[in-house]
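Please look through the sequence and the structure shown here before reading on. The report that follows moves from the whole chain to single residues.

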Amino acid sequence: MKLKLSLLAAWCGLAFIATAAVPAPEKLLPGDTLILLTAPDWDGAKAAFRDFPMSQLWRDPEMKPFVTKFEGKLKSDVFEPLERELGVKLGEYAELARGQLTFALVQNGWEGQSDKAPAWLVLVDSKDKSDLLKAKLTDLKKRWTDSGKQVKTERIRDVEFMTLITSSEEIDKAFSAVFPDKPGETDETPKAAAKKFELTAGQAGSLLILGDSTAVIEKVLIRLSGGSVPALSEQPRYESTHNAMFREATVYAWADAKALYQILLKAMKTGGGNGDAAGENPLGFTPEKLLASLGLDALNTLAIKSSANSEGLQVDMLVGAPQAERRGIFKVLSIDAKESAPPAFVPTDVTKFNRWRMDGKKLWSTIEGVLAELSPAMNGIVQMMLETAGKDKDPNFNLKTQLIGNLGDDMIGYEKPPRSTQLVDLLSPPSLFLLSSPDAPKLAEAIKTAVGSFVPGGAGGDGAAVKEREFLGRRIYSVSAGPSVSPDGSRVVQRMLSFAASGGYVAISQDAAALEEYLRAGEAQSKPLREATGLNEAAQRVGGMGTGVFGYEKQNETLRAMFTALKKNPDLFDQFMPPVPGARPGATPRKAENRWLDFSLLPPFERVEKYFHWSVYSLSATPEGLMVRGFSPTPPALRK
């Protein structure tokens, strides 16, 4: 009788799997899931992002030469070699995604051991394409077997799964066609011992399940059939985040930061990082103590979501750290809600703007607290330096009182378009940083004295480290910021940092002309940024301009000069971008005909400018954590 009941239950479960709609990813994934990335409805996500400006740009006929070459190189250099080595037509499986598309990393007993790894899992809902999915899996098994590779078949919860078995040598062979030279690898580099790799794949109803752990796959099947195995949706840290952020999201990701932090601590101890190491450290702290002092032990979750519609693209990120537990960097970033709109003197022609209502004195107090907790010895050294700074010039000078004590609660930065399309100007556009103070002239003098104490040459006289000059009745101080190599490596450039007090702020810049323009702000007649059309409406999508942190970026202007420069000289890309994955150090840049991104094929920027607009962002502190919100309005020319 028990056997009959068990068979009946199994049959009912299979019938349920075959006919019911696939549950949401958090309903299927195990409770010990560490990382989740999902599009709950892939068809809906594709439709939503199809009208995204960058998607439309990619399909624009003006971009066809650039796109055609990129997609052709991607196919010939990546997909075809992989398909040839693995015996799998990757493109044939892309069309199967209709419902959810989910990737997850599951702890599965992993505690940071080097000889063990967490399990990974991929879920793809084919919806009405289940028959096609079945045919593709049958074909995959045949191709794998025909190529001489090993296949193991087993049943998990009465669902047939196949495990494709290969070795690290086969994987390396496949990827060597894409990246012929691994970073740092030479012909003399010893070959690692071959390891066995297994990928288990199977179909439950319309759901394709891929993974490397049959135990984790079994938990998914139990949940799929209505079983009671603990699911991610029941995990308190995930549940609270899901309810607050993910209900209307097109795409979202989540990480169990608390669990990952604990695993990191265990791994550090296993690797030899323990309390005894503090005795060998002259500053008296361990890596574990450093992480705790920074406040990372208060971190619970990390979450990000994205949604798109006709109005624009919204991206929100939550750093989950409860208010009562915050310290270190999270205490610093817990800024009070204050007015953070662009002041009237910020002109509308800026390309970037950010304003942080961060209390300078509280910031320094928090830094001192972290140092004192982390290393009393290090804190003692810092305090001694602060006590002695400037005493050689003025015995009555007190850096903490006159500099830190004069810090306000407002920090502003903004940037203007590059002066030319030369690389040095592209990388260093005119910019300004403003530091508020209840007594800005005194703060500027304190900065001058402090700099003079730490920079050879002193703070006064013709040979001084800090130079002074008058401009419109104000004193401008300038100090060498040190030599740097020009972007093309052809010469050494001497950089100067200038600062001056005006309007309740100390303005700081490496561009003397930008500083002088700020000092002339009262004479300017340009329209202020705060009056830009649509700015206030967009700001409401990120919580307004009163959260304490607000930022703005005008992408059509930040990209205009770069776009033009790369089209004129594609080699610039190799000068300011890091090496591509797989390139050996010092490798010769690819010739133009071999580049994936051939910027010489770009159209004039004016022909595609309509796809670029501007975006805003904010940072706010809530009882649950720190929320970063961003919004990019649909460009006017693309609005329907």
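## Terms and basis

A residue is called buried when its relative accessible area is under 20%, exposed when that area is over 50%, and partly exposed in between, using a 1.4 Å probe and the protein chains only. Asn 108, with a relative accessible area of 24%, is therefore partly exposed.

The model is predicted, so that local features need a pLDDT of at least 70 and side-chain atom pairs count only at pLDDT 80 or more, while totals for chains, interfaces and linings use all residues. Residues are numbered from 1 along each chain as its sequence is written, and side-chain values use heavy atoms, with hydrogens and water left out.

## The whole protein

The protein has 640 residues, of which 42% count as buried. Its secondary structure comes to 23 helices and 20 strands, where helices (H or I, at least four residues) and strands (E, at least two) are DSSP runs numbered from the N terminus.

A contact means heavy atoms within 4.5 Å. Among the contacts between residues at least 6 apart in sequence, 69% join residues at least 24 apart.

## Confidence

The pLDDT, which is the predictor's confidence in each residue on a scale from 0 to 100, averages 83 over the protein, and 82% of the residues score at least 70. Over residues 1–19 the pLDDT is below 50, and this stretch has 14 contacts in the model beyond near neighbours in sequence. Over residues 579–589 the pLDDT is also below 50, and here too the model has 14 contacts beyond near neighbours in sequence. Where pLDDT is low, the predicted coordinates should not be read in detail.

## Two helices in contact

Helix α15 (residues 360–374) and helix α16 (residues 376–388) have axes that come within 6 Å and cross at roughly 135°. These axes are lines fitted to C-alpha atoms, for helices over the stretch in contact, and the angles run from 0 to 180 degrees between N-to-C directions. Angles under 35 degrees count as roughly parallel, over 145 as roughly antiparallel, 65 to 115 as roughly perpendicular and the rest as oblique, and α15 and α16 are therefore oblique to each other. On the α15 side the contact is made by Trp 364, Glu 368, Leu 371, Ala 372 and Leu 374, and on the α16 side by Pro 376, Met 378, Asn 379, Val 382, Gln 383 and Leu 386. By class, the contact of α15 with α16 has eight nonpolar, two polar and one charged residues, where Ala, Val, Leu, Ile, Met, Phe, Trp, Tyr, Cys and Pro count as nonpolar, Asp, Glu, Lys and Arg as charged, and the others, Gly among them, as polar.

Trp 364 lies in helix α15. Leaving aside neighbours within four places in sequence, Trp 364 is in contact with Val 382, Leu 386, Lys 400 and Ile 404.

## Residues brought together from apart in sequence

Not counting residues up to four places away in sequence, Pro 25 touches Leu 36, Thr 38, Gln 100, Thr 102 and Tyr 252. The C-alpha atoms of Pro 25 and Val 220 are separated by 9.7 Å, although these residues are 195 residues apart along the chain.

Ile 304 lies in strand β9 (residues 301–309) and, at 35% relative accessibility, counts as partly exposed. Beyond neighbours within four places in sequence, the contacts of Ile 304 include Met 245, Phe 246, Val 251 and Tyr 252. Ile 304 and Phe 246 are 58 residues apart in sequence and 8.7 Å apart in space, C-alpha to C-alpha.

## Positive phi in two loops

Asn 108 is placed in the loop between β2 (101–106) and β3 (119–125), and its phi is near 50°, a positive value in a residue other than glycine. Leu 472, in the loop between β14 (466–471) and β15 (474–485), is not a glycine either, yet has a positive phi of about 55°. With a relative accessible area of 48%, Leu 472 is partly exposed.
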